[in-house]
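Morning, everyone. Please bring up the model on your screens. I'll take it piece by piece.

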Amino acid sequence: MPDALELLKTRRSVKPREMAGPGPSPAELDTILTIGARVPDHGKLAPWRFIVFEGDARQRAGEIIAKVFSEKHPQASEAEIETEKKRLTDAPLVIGVVSSTKPHPKVPPFEQELSAGASAMNIVTAATALGYGAAWLTGWFCFDRDVLDRLGLKPDEKLAGMIHIGTPTKPSEDRPRPALSEIVTRF
């Protein structure tokens, strides 16, 4: 396992198309999800939950995405519909992070949504620490109510993103990062 600070300094996303099996074992998945649930959570509201897509579930979700896409784009080509069907099939495991804010007098929805974002980042970091590639992605379907309903989200739930996890098939190149002098001010 890498040193924690070195891991955080060098972590980067791996494109799902650059992932293959194997994915995490059941024990590793439990570890990843446990770490995903260990985030700042003012009010102890657990304003997030997880949907695990592995095996055939990835194709079934893709069928839902493609069906909604074709309903909304009747002129779509077969190739475009096939692309939508494969949205979750590159990586062997995809974890949907669902943001489920709850009414609370002291914890505004925005703070709860940030907790869901922290959860997603913890999942990415945990998967990376275990030696897997990971990418936190969204796409049109993550914000489409018809897709969300058909994936089983409640009307007041949102999808914070899909975390794709698998074994990297090639080394990832880093991308330019902002210079601290450009993003840090002192008050």
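I'll start with one arginine, then a pair of helices, then a strand and some loops.

First, the ground rules. This is a predicted model: local features need pLDDT of at least 70, side-chain atom pairs count only at pLDDT 80 or more, and totals for chains, interfaces and linings use all residues. Residues are numbered from 1 along each chain as its sequence is written, and side-chain values use heavy atoms, with hydrogens and water left out.

Find R58. It sits in helix α3, residues 56-72. Helices here are DSSP runs of H or I, at least four residues, strands are runs of E, at least two, and both are numbered from the N terminus. R58 is buried, yet it has no salt bridge. Buried means under 20% relative accessible area, exposed means over 50%, and partly exposed is in between, using a 1.4 Å probe and protein chains only. A salt bridge needs a side-chain nitrogen of Lys or Arg within 4 Å of a carboxyl oxygen of Asp or Glu. Which side chain of opposite charge is nearest to R58? That is D56, 6.5 Å away. Lys and Arg count as positive, Asp and Glu as negative; His and the chain ends are not counted.

What does the R58 side chain reach at 2.8 Å? The backbone oxygen of A91. The backbone oxygen of G55 also lies 3.1 Å from a polar atom of that R58 side chain. Leaving out residues up to four places away in sequence, R58 touches F53, L88, T89, D90, A91, P92 and L93. Touching, or contact, means heavy atoms within 4.5 Å.

Stay on α3. Its axis and that of helix α4, residues 78-85, come within 7 Å and cross at roughly 145°. Axes are lines fitted to C-alpha atoms, for helices over the stretch in contact, and angles run from 0 to 180 degrees between N-to-C directions. Residues of α3 that meet α4 include G62, I65 and F69. On the α4 side, I81 and E84 are among them.

Next, strand β1, residues 19-20, which holds A20. A20 is partly exposed, at 29% relative accessible area. Beyond its neighbours within four places in sequence, A20 contacts P92, G166, T167 and T169.

Now the loops. A cis peptide bond joins G21 and P22, with omega about 0°. Two residues in the loop between α2 and β2 stand out: K44 and A46. K44 has a phi near 50°, and A46 has one of about 45°. K44 is exposed at 79%, while A46 is partly exposed at 32%.

Notes
Polar contact = N/O pair within 3.5 Å; in protein donor to acceptor, adjacent residues only side chain to side chain.
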